[in-house]
Amino acid sequence: MIDIPRAFTATQLRHNGEAGRAFIAALPALADRFLDQWDLRPDGPPMHGWAALVLPVVHRHDGTPAVLKLQLPDQETEGEPLALRAWDGDGAVRLLAHDETTGTLLLERLDPTRTLAHVEDTREAVLVLARLLAHLTATPAPAGLRRLADIAPALLDRTRHALPRVPDPAARRLVADCAAAVREVTDDPGDRLLHWDLHYDNVLASPRAPWLAIDPKPLAGDPGFELLPALRNRHDPADTRWRFDALTGVLGLDRARARAWTLGRVLQNCLWNIESGTPLEYEQLDIARRLRDHAP
């Protein structure tokens, strides 16, 4: 029997309701199935984020370490194996096996105790993240992924219904400005393979490479849509513009387009807040204000 952390159970119930409850109930049998099917044995306590339970394992026949990732499939995670196969371990964790029906993944084991979040110099961490993003987004997106070409028009349509629900006039104006910026770039949404969630805790050290990306929620689109996590996590208002210039410089992006797509990412997050009835987040609004007023 695997030990399912209470915090993971609580998160699944909070975010996924009855589907999360059913997923938690099925986890022991699911783990047993793939331990047997892929000839694995447990090798340490489970780890988790908010979406997946990760079991350290070793292959029984040769002792090779790996991790078994058990997750509830959804629109964001279903493209993960496609992206990992496209990168094939070059800049990202290597995919060893995948079960399409359950979304279960077998991945190489990295070092969970050494993430980019542990690098004290935040500017150095930003540059590491920028170099990794530049490498990953050089890959064309494989067929079958979510597309920014579909997401962006839907964001603009949702904005029309959401704006009247923002009570603060300044915040409402800022959300509208984000939508206006997206409108200017929707004609060229891009075709690169995007990680979409590359923040400092999703970059781990490895014996075979200094840093590798994990947990992609991939889509096909413009690399400018990748930048917000590097600005939002370990948020430092005074460093926002430096980070943006550093990221766009390393990635070789047109800063006006990158700014528009970054504001589009803020818009996406604000719409989730508005539609779920939760307050708009200060950090994201602050980033949007600073970028809106930052001439490329």
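**Overall build**

I began with the secondary structure and found nine helices and 12 strands in the chain. Helices (H or I, at least four residues) and strands (E, at least two) are DSSP runs numbered from the N terminus. A note on the source: this is a predicted model, where local features need pLDDT of at least 70, side-chain atom pairs count only at pLDDT 80 or more, and totals for chains, interfaces and linings use all residues. Residues are numbered from 1 along each chain as its sequence is written, and side-chain values use heavy atoms, with hydrogens and water left out.

Next I checked the overall dimensions. Along its principal axes, the C-alpha trace spans about 60 × 40 × 35 Å.

Of the 296 residues, 51% are buried (under 20% relative accessible area; exposed is over 50%, partly exposed in between, with a 1.4 Å probe and protein chains only). Taking contacts (heavy atoms within 4.5 Å) between residues at least 6 apart in sequence, I noted that 69% join residues at least 24 apart.

**Strand β4 and L70**

I stopped at L70, which sits in strand β4 (residues 65-71). L70 has a relative accessible area of 0%, so L70 is buried. Apart from neighbours within four places in sequence, the contacts of L70 are F23, L27, L30, A31, A51, A52, L53, L55 and T104. I also looked at G103, 33 residues from L70 along the chain: their C-alpha atoms are separated by 7.2 Å.

**Aromatic pairs**

I counted four aromatic pairs, using rings of Phe, Tyr and Trp (its six-membered ring) with centres within 6.5 Å; planes under 30 degrees apart are stacked, over 60 edge-to-face, and the rest tilted. In one of them, F34 and W38 have ring centres 4.8 Å apart and planes at 40°, so I logged the pair as tilted. F34 and W38 are both buried.

For F225 and W261, the centres are 6.1 Å apart and the planes at 85°, so this pair is edge-to-face. F225 lies in the loop between β12 (219-221) and α6 (228-232) and W261 in helix α8 (residues 255-276), so the pair ties together parts 36 residues apart in sequence. Both of these residues are buried too.

**Two positive phi values**

Last, I looked at backbone angles. D88, in the loop between α2 (80-87) and β5 (95-99), has phi near 50°, a positive value in a residue other than glycine. W196, in the loop between β9 (192-194) and β10 (203-206), also has a positive phi, near 80°. Which of the labels, buried or exposed, goes with D88, and which with W196? D88 counts as exposed at 52% relative accessibility, whereas W196 counts as buried at 6%.
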